[in-house]
Amino acid sequence: MTFGLEPSDARGANLQAAGITPSLDDLAAALRAVARTGIPCPTVSSRRPELGVDAAYRIQAINAEHRVRAGARIAGYKIGLTSRAMQQQMGIHEPDSGVIHSDTLAQAGSQLRTDAYRAPRIETEIAFILGQDLAGSADLATVRAAISEYCLAYEILDTSYGTWDINLVDSVADNAACAGVITGPRLPFGPDTDPRTELITVHADGRFVAAGSGRDILGDPVLALHWLTHRRPHLRLRPGDIVLAGSVHASLPLTPGRYHARSSHLPAVHLHVI
């Protein structure tokens with residue numbers, strides 16, 4: 001008898017034991033099982049070394065569809081690995097993206113528990129809120145015009161693999177490690193808004209832990225959203241969607257304490273971790 005696995009999860013485990021190549025559905029099911037059992041699964045790249053990034057996005061989409069059927073709403077998208085600091089930290093040298101689900105969103109001042117995650121890390125980001133639809137491969141002017149508000153945000157990262165020694169395929173398949181999003185107060189985003197000029201500092205329990213600027217995100221955070229529309233042109237972003245442009249610093253281990261990030265223009269965002 002197999003404990004802690006859904007039928008599809010058990011099939012994937014049995015196929016692997018028998019030396020049979022697991023399907024994308026099997027790989028997706030193994031990732032879903034981790035959220036339920038807390039037991040890490042092998043990396044996708046170790047089970048299917050030949051898979052490319054497009055296949056990894058299909059695995060991500062399969063599990064996003066499962067989340068929606070279970071009642072979660074797609075609230076937007078995260079874009080990761082957009083700063084040199086994050087690319088160097090992860091050894092991955094191109095961006096990736098994942099889905100933000102409504103049940104992972106929280107407001108500044110929220111309280112999180114570290115035991116709700118397996119190996120959590122935290123990043124400070126610039127987030128955009130869309131005011132109009134954005135679909136297909138949009139030009140930069142169209143992307144800018146679609147943004148209605150922006151804010152500071154924290155992203156909580158977690159891994160289903162029990163290790164951060166992963167590659168781009170592993171990250172994408174695991175929803176680009178997006179486990180939570182905490183947004184701060186918003187400001188309007190207008191034609192003259194320049195998020196490149198945001199100078200951001202982060203403190204934990206009053207101790208300086210990180211800093212960065214909007215320019216650290218591909219030179220201009222709006223370029224991250226522009227990248228998303230070209231890398232995933234089938235996505236339809238809607239008014240109210242939140243898009244994280246990426247971290248301005250290398251990710252930090254999420255440990256108990258009070259986190260506080262401020263920037264030169266945007267209101268501060270804070271978080272209490274127990």
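Strand β1 (residues 74-80) and strand β2 pair in the antiparallel sense over six bridges, where two strands count as paired if DSSP finds at least two bridges between them. This is a predicted model, in which local features need pLDDT of at least 70 and side-chain atom pairs count only at pLDDT 80 or more, while totals for chains, interfaces and linings use all residues. Residues are numbered from 1 along each chain as its sequence is written, and side-chain values use heavy atoms, with hydrogens and water left out. Helices (H or I, at least four residues) and strands (E, at least two) are DSSP runs, numbered from the N terminus.

- Asp96 of β2 is the bridge partner of Gly80.
- Six of the six residues of β2 (residues 96-101) are buried, so this strand is largely enclosed by the rest of the structure. Buried means under 20% relative accessible area, exposed means over 50%, and partly exposed lies in between (1.4 Å probe, protein chains only).

**The open sheet**

- Five strands form an open sheet with mixed pairing, in the order β4-β16-β15-β10-β11.
- Its edge strands, each pairing on one side only, are β4 (111-112) and β11 (207-213).
- β4 and β16 (residues 269-273) run parallel and are joined by two bridges. Leu112 has Val273 of β16 as its bridge partner.

- The expected span of a helix is 1.5 Å times one less than its number of residues.
- The buried residues in α4 include Val53, Ala55, Tyr57, Ile59 and Ile62.
- The cover over the buried residues of α4 includes α2 (24-37), α3 (44-47), β2, α7 (168-173) and α8 (222-231).
- Helix α2, with 14 residues, reaches 20 Å from its first C-alpha to its last, close to the 20 Å expected at 1.5 Å a residue.
- Among the buried residues of α2 are Asp26, Leu27, Leu31, Arg32 and Val34.
- Gly38 follows α2 and has a positive phi, near 80°.

**The largest pocket**

- On a 1 Å grid over the protein atoms alone, a cavity is a set of points where a 1.4 Å probe fits but cannot get out, and a pocket is an open set with protein on both sides within 12 Å along at least five of seven lines; lining residues have an atom within 4 Å of a point.
- The volume of the largest pocket is about 860 Å³. Grid points are joined across faces, edges and corners, and a volume is the space filled by probe spheres set on the points.
- The lining of this pocket comprises 35 residues, of which Ala35, Arg67, Thr104, Arg118 and Cys178 lie nearest its centre. The elements that give two or more residues to this lining are α2, α4, β2, β3 (105-107) and β8 (178-183).
- By class, the pocket lining has 18 nonpolar, nine polar and eight charged residues. Ala, Val, Leu, Ile, Met, Phe, Trp, Tyr, Cys and Pro count as nonpolar, Asp, Glu, Lys and Arg as charged, and the others, Gly among them, as polar.

**The cavity**

- The structure holds one cavity of 30 Å³ or more, and the largest cavity has a volume of about 150 Å³.
- Of the 18 residues that line the largest cavity, Leu81, Met86, Glu123, Leu157 and Ala176 lie nearest its centre. The elements that contribute two or more residues to its lining are β1, α5 (84-90), β7 (147-157) and β13 (242-247).
- The lining of the largest cavity has nine nonpolar, five polar and four charged residues.

**Individual loop residues**

- Ala176, in the loop between α7 and β8, is buried, with a relative accessible area of 3%. Its phi is positive, near 55°, in a residue other than glycine.
- Asp205 lies in the loop between β10 (199-204) and β11 and counts as exposed at 55% relative accessibility. Asp205 has a positive phi of about 50° although it is not a glycine.
- Pro22 is in the loop between α1 (7-17) and α2 and counts as buried at 4% relative accessibility. Not counting residues up to four places away in sequence, Pro22 touches Leu27, Arg47 and Arg48, where contact means heavy atoms within 4.5 Å.
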